[in-house]
Amino acid sequence: QSDALGKVTAQLNAANKLSGEYNFNYQNRFFRRPTTDLVEEKASWRQIEPAWITQFQGTSLLNEKLFLDARYGYLHLIFPLHYQDEVGANDFARQDIIRLTLRDAATYDYENLATRHQVNTSLSYFLDDWAGSHTIKTGFEFGRAFNQNFYAANGDYVLRYFDGAPFEVQTYNTPITSKNYIDTMAAYVQDSWIVTRKLTLNIGGRFERLV
């Protein structure tokens, strides 16, 4: 596993600041076994899994009572279960259901791609002289997520054996690719109202839409 992190912050002036952050994660499992069976190395999966998150943020003190916060983030993740490099197009999975062995190739080749864009903005207003003190905050959020799954199998089948003797053929209908998109939107307003030293009211409302 490898990790990397980088962050840059720029104070443009007394009221405005920008920052950016990058996080990278790299997980490697070179010989992942698909089952608890006795799996030879050639029939194992290669799980080389990169993922990264990027985020940018800008804050601005518009005046002594008004504060703006805007953020953008992006997530990119790949979860693969790939054939070993030495597996060719004519190598087919051979699985013995009695001896619990798997050889020649993994049962299938798979990859999951997931991404997400996220934008959050908020505006905060501070009020001290109206029936106590108030922190009024309103904001908008938008996210777009994408998820893709890909399956393939050499020959579209797995050859299955019964204690060394041919038993059955398990068939697939590949390649298969599925794609899903999800958009989320939200708007809210809230007030943290300090009525007295012993009484604080949190009042607000939120609207969300998922497509």
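**View 1. F24 meets its partner across two strands.** F24 has W52 as its bridge partner, and W52 belongs to strand β4. This is a close-up from a predicted model, like the other views here.

View 2. Follow β4 to its pairing with β5, which spans residues 66-81. How many bridges join β4 and β5? There are 12, and the pairing is again antiparallel. One spot to look for is A51, which stands opposite L77 in β5. The two strands form a hairpin, with two residues between β4 and β5. As you trace a strand, keep a general point in mind: side chains in a regular strand alternate between the two faces of the sheet.

View 3. Is Y26 buried, partly exposed or exposed? Its relative accessibility is 28%, so Y26 counts as partly exposed, since that value falls between the 20% limit for buried and the 50% limit for exposed. Setting aside residues up to four places away in sequence, Y26 touches Q1, S2, I48, E49 and P50. For a sense of scale, find R103: this residue is 77 residues from Y26 along the chain, and their C-alpha atoms are separated by 28 Å.

View 4. R32 lies in strand β2, which covers residues 16-32. Which residue does the side chain of R32 reach in a polar contact? It is Q47, side chain to side chain, at 2.7 Å. Apart from neighbours within four places in sequence, R32 is in contact with S44, W45, Q47, F79 and L81. R32 counts as partly exposed because its relative accessibility is 24%. Now look for S124: R32 and S124 are 92 residues apart in sequence, and 50 Å lies between their C-alpha atoms.

View 5. V119 sits in strand β8, which covers residues 109-127. With a relative accessibility of 31%, V119 counts as partly exposed.

Key:
Residues numbered from 1 in each chain as written. Predicted model: local features only at pLDDT ≥ 70, side-chain atom pairs only at ≥ 80, totals over all residues. Heavy atoms only, no water. Helix = DSSP H or I, 4+ residues; strand = E, 2+ residues; numbered from the N terminus. Buried < 20%, exposed > 50% of the residue type's maximum accessible area, 1.4 Å probe, protein only. Contact = heavy atoms within 4.5 Å. Polar contact = N/O pair within 3.5 Å; in protein donor to acceptor, adjacent residues only side chain to side chain. Pairing = 2+ DSSP bridges.
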